[in-house]
Amino acid sequence: MSNDSDATDAPGSGTADTGRGGAAAGGQSGAGEHEAAAAPAGFELGTDGPGVILAGLDGSDSSWRATAYAAGLARRQGAVLAVAYIQPVLGAATALAGAAVEETTQEIAEELLAALRDAEERVREVWKVDWRFLTMRGDPYGGLAKLADELRADAVVVGVSEQAGHKVIGSVAVRLVKAGRWPVTVVP
């Protein structure tokens with residue numbers, strides 16, 4: 001992994017316009033030739049494959065597996081890996097301990113970033129991924145959804161919930177899938 005950008009613009013295709021018949025200028029179109037297929041106008045932004053893969057990381061084992069999976073996808077696809085830690089907001093019960101909780105969530109973000117840099121160092125000689133670490137305050141679903149939209153993420157990868165209560169009220173992964181706005185991979 002690397003948090004340094006190595007992205008370069010792809011050069012133009014440099015192919016000659018063959019016209020509607022499929023033959024180069026001055027040539028005859030043979031009976032077996034077909035017209036070149038063209039994507040409809042406005043079909044895509046001009047890239048093949050994903051440009052940004054967003055991984056949700058909260059420090060749980062499943063979120064680390066999801067981040068590793070997303071890193072592999074990003075490496076193979078030449079995409080940017082955006083790793084996001086959404087710092088939980090205070091509930092009414094913890095409002096009095098606000099400063100302490102805020103400081104703790106910031107410390108968690110710093111520890112996650114340090115662990116990511118450590119992992120990058122260990123695998124630097126084997127493979128490299130352009131990655132970014134992002135953190136913000138909010139509920140995990142809302143934060144990941146906002147970042148996925150802002151980054152125009154092509155995929156979102158999260159770990160399966162390890163909390164028993166999520167089977168009743170719904171996990172972040174289930175909510176992301178139900179939103180139907182991005183391809184979502186849930187890693188066990």
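User: Why is aspartate 130 called buried?

Analyst: Buried means under 20% relative accessible area, exposed means over 50%, and partly exposed lies in between (1.4 Å probe, protein chains only). Aspartate 130 has a relative accessible area of 15%, so it is buried. A word on the source: this is a predicted model, in which local features need pLDDT of at least 70, side-chain atom pairs count only at pLDDT 80 or more, and totals for chains, interfaces and linings use all residues. Residues are numbered from 1 along each chain as its sequence is written, and side-chain values use heavy atoms, with hydrogens and water left out.

User: What makes aspartate 130 and arginine 132 a salt bridge?

Analyst: A salt bridge needs a side-chain nitrogen of Lys or Arg within 4 Å of a carboxyl oxygen of Asp or Glu. Here the closest N and O atoms are 2.7 Å apart, so the pair meets the definition. Arginine 132 has a relative accessible area of 32% and is therefore partly exposed.

User: Why do lysine 146 and glutamate 150 form a salt bridge?

Analyst: The closest N and O atoms of lysine 146 and glutamate 150 are 3.9 Å apart. The limit is 4 Å, so the pair counts. Both residues lie in helix H3, 4 residues apart, about one turn of the helix. Helices (H or I, at least four residues) and strands (E, at least two) are DSSP runs, numbered from the N terminus. Glutamate 150, at 53% relative accessibility, is exposed, while lysine 146, at 43%, is partly exposed.

User: Which parts of the chain does the pair of arginine 181 and aspartate 149 link?

Analyst: The side chains of arginine 181 and aspartate 149 meet in a salt bridge at 2.6 Å, N to O. The pair links distant parts of the chain: arginine 181 sits in the loop between H5 and E5, aspartate 149 in helix H3, 32 residues apart. Arginine 181 is partly exposed at 45% relative accessibility, and aspartate 149 is partly exposed at 39%. The whole structure holds 4 salt bridges.

User: How do you know that the buried residues of H5 are on the same side?

Analyst: In helix H5 (residues 172–179), Val172, Ala173 and Leu176 are buried. They cover an arc of only 100° around the axis, so they lie on the same side of H5. The arc is taken from the directions from the helix axis to the C-beta atoms. These buried residues pack against helix H3 (140–151), E4 and strand E5 (184–187). Contact here means heavy atoms within 4.5 Å.

User: Why is valine 177 called partly exposed?

Analyst: Valine 177 is at 46% relative accessibility, so it counts as partly exposed. Valine 177 is found in helix H5.

User: Why is serine 62 called buried?

Analyst: Serine 62 has 2% relative accessibility, so it counts as buried. Serine 62 lies in helix H1. Leaving aside neighbours within four places in sequence, serine 62 is in contact with Gly159, Val160, Glu162, Val187 and Pro188.

User: Why is arginine 152 called exposed?

Analyst: Arginine 152 is at 56% relative accessibility, so it counts as exposed. Arginine 152 lies in the loop between H3 and E4. Its phi is near 55°, a positive value in a residue other than glycine.
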